[in-house]
Amino acid sequence: MRIEANFAKAAQFIKDAAEGGALLAVLPEYHLTNWLPDDPKFTDLCGQWEIYLNKYRALAKEHNICIVPGTIVETHEDAETKEPILINIAYFIDNNGEILGQYQKKNLWHPERPHLTSSLHDPHEVIETPIGPIGLLICWDLAFPEAFRELIAGGAKIIIVPTFWTLSDCSEYGLSVNPRAEALFLESTITARTFENTCAVVFVNAGGAVGSSNSNYAGLSRVAVPFLGALGNETKDSSEEGMSIVDLDMRHVEEAEANYKVREDLAREDWYYTYRHARQEKL
């Protein structure tokens, strides 16, 4: 949990991305602290969240680049109980250093639930940005098509997903039949989401140390679009820490919509499905 060293490394990646002509830099989930909630220092480090958020705002302005600084775990007080809580937040910071929107992780991975507070029934909101209308999701949200559908119905065309997903997140059985089952999950699901929602997906996952042969990190960071699938040659097939600069041609998204008409169907008044699932009381 070398928070300052991790920030310095992230800042260098952002600087390199800006110098490479990128308009947006995206970091992984938990990139500052790792996910070590039982460590006695974890909560204290999360208490520094505002310091690092402001540092990313300054970086965005200095380098004239939009930033999604992965996720930042924050300490807050529960409005009702007044008890301390931890929330996992992704921000969109524009190239002037302004926060245009944020998202609190909704679908918590099972081991996170004793530690983090979900956004529960808060709606998924589209953020208008210099790169177009975007949606923010985090890690395990990827498993829920409803999250994507809600954002797409609201007009999002790029879904950004900071992630901390490892190969060991699979069950013992799953690993016994396929040690790379989680990689298969990610590669299949990310591409499927682009087709079924006629959108681009910016998926940025934590990677292991360069040259490490025993890493559990899944990596596989990529930009994915309909028709082509994964882009980002430096990272899309790698579990190592690194960076890809991708030229995202939104024509792929528009042509996919022209072909599949997913958004057109979603906008119909007689559309068949609802994505806010109503629960009826049991008789």
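Student: What is the accessible surface of the chain, and what share belongs to carbon and sulfur atoms?

Tutor: This is a predicted model, in which local features need pLDDT of at least 70, side-chain atom pairs count only at pLDDT 80 or more, and totals for chains, interfaces and linings use all residues. Residues are numbered from 1 along each chain as its sequence is written, and side-chain values use heavy atoms, with hydrogens and water left out. By the Shrake-Rupley method with a 1.4 Å probe, the accessible surface is about 14600 Å², and the carbon and sulfur share is 50%.

Student: What percentage of the residues of the chain count as buried?

Tutor: A residue is buried if its relative accessible area is under 20% (1.4 Å probe, protein chains only). Of the 283 residues, the buried part is 47%.

Student: How many helices and strands has the chain?

Tutor: Both are DSSP runs numbered from the N terminus, helices being H or I with at least four residues and strands E with at least two. The count is eight helices and eleven strands.

Student: In which sense do strand 6 and strand 7 pair?

Tutor: Strand 7 covers residues 132–136, and three bridges join it to strand 6. T129 has G132 in strand 7 as its bridge partner. The sense of the pairing is antiparallel.

Note on methods. Two strands pair if DSSP finds at least two bridges between them. Buried means under 20% relative accessible area, exposed over 50%, partly exposed in between (1.4 Å probe, protein chains only).
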